[in-house]
Amino acid sequence: MSRVLQEVPVADAKTGEAFAAEHRAVLFAWVAREAIARMGEEVAVPVIRASVRPYGEQRGHRMALRAQQDGQPLSMASYLSYREWEVPAGEMQQVGVS
């Protein structure tokens with residue numbers, strides 16, 4: 001039996017609202033948990049790490065490019081300014097180091 005992959009919309013079918021970072025985080029956690037349950041931690045964890053690392057590197061590269069295009073330094077402030085997801089007001093606390 002041949003299976004055809006179909007594009008999955010990244011928005012809620014009823015409301016049309018885009019899935020938030022929390023939705024993607026939960027989906028990742030479910031996939032990771034299932035991989036560990038099926039393959040065992042020793043096999044699954046390196047696979048999970050190998051799949052997450054390129055995403056993080058690509059995301060960081062895109063953020064750095066946008067900061068540099070705007071003449072901004074590559075710093076924690078730029079990282080927070082050029083992040084790829086929005087944090088609703090009051091949901092993330094930033095604490096400085098003295």
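User: What should I know before reading the values?

Analyst: This is a predicted model, so local features need pLDDT of at least 70 and side-chain atom pairs count only at pLDDT 80 or more, while totals for chains, interfaces and linings use all residues. Residues are numbered from 1 along each chain as its sequence is written, and side-chain values use heavy atoms, with hydrogens and water left out.

User: OK, what's the average pLDDT?

Analyst: The protein chain averages 81, and 73% of the residues score at least 70. pLDDT is the predictor's confidence in each residue, from 0 to 100. Where it is low, the predicted coordinates should not be read in detail.

User: Which element has the highest confidence, and which the lowest?

Analyst: Helix α2 (residues 41-69) is highest at 92, and α3 is lowest at a mean of 88.

User: How many helices and strands are there?

Analyst: Three helices and zero strands, in the order α-α-α from the N terminus on. Helices (H or I, at least four residues) and strands (E, at least two) are DSSP runs, numbered from the N terminus.

User: Why does the span of α2 agree with its number of residues?

Analyst: At 1.5 Å a residue, the 29 residues of α2 should span 42 Å, and the end C-alpha atoms are 42 Å apart, so the two agree. The expected span is 1.5 Å times one less than the number of residues in the helix.

User: How much of the chain is buried?

Analyst: Buried residues make up 10% of the 98 residues. Buried means under 20% relative accessible area, exposed over 50%, and partly exposed in between (1.4 Å probe, protein chains only). In α2, the buried ones are Ala 44, Ile 48, Arg 59, Met 63 and Ala 67.

User: And the accessible surface of the chain?

Analyst: About 8900 Å², of which 58% belongs to carbon and sulfur atoms. Accessible areas come from the Shrake-Rupley method with a 1.4 Å probe; for residues, only the protein chains shown count as cover.

User: Is Ser 78 buried or exposed?

Analyst: Buried, with a relative accessible area of 7%. Ser 78 lies in helix α3 (residues 76-81) and touches Ala 67, Gln 72 and Pro 73, not counting residues up to four places away in sequence.

User: What about the loop between α2 and α3?

Analyst: Leu 74 lies in that loop and counts as exposed, at 56% relative accessibility. Leu 74 and Ala 64 are 10 residues apart in sequence and 6.5 Å apart in space, C-alpha to C-alpha. Just after α2, Gly 71 takes a positive phi of about 75°.

User: Switching topic: how many salt bridges?

Analyst: Two. A salt bridge is a side-chain nitrogen of Lys or Arg within 4 Å of a carboxyl oxygen of Asp or Glu. One joins Glu 34 and Arg 38, the closest N and O atoms being 2.6 Å apart, and both residues lie in helix α1. In the other, Glu 57 and Arg 53 meet at 2.8 Å, N to O.

User: Why are Glu 57 and Arg 53 separated by about one helical turn?

Analyst: Because Glu 57 and Arg 53 are four residues apart in helix α2. Glu 57 is partly exposed at 45%, while Arg 53 counts as exposed at 58% relative accessibility.

User: Last one: which residues make the nonpolar surface patch?

Analyst: Val 26, Leu 27, Trp 30 and Val 31, with about 400 Å². Leu 27 is found in helix α1 (residues 21-39). Patches are made of residues with over 30% relative accessible area and no salt bridge: like charges are joined within 9 Å, nonpolar side chains (Val, Leu, Ile, Met, Phe, Trp, Tyr) within 5 Å.

How values were computed
Contact = heavy atoms within 4.5 Å.
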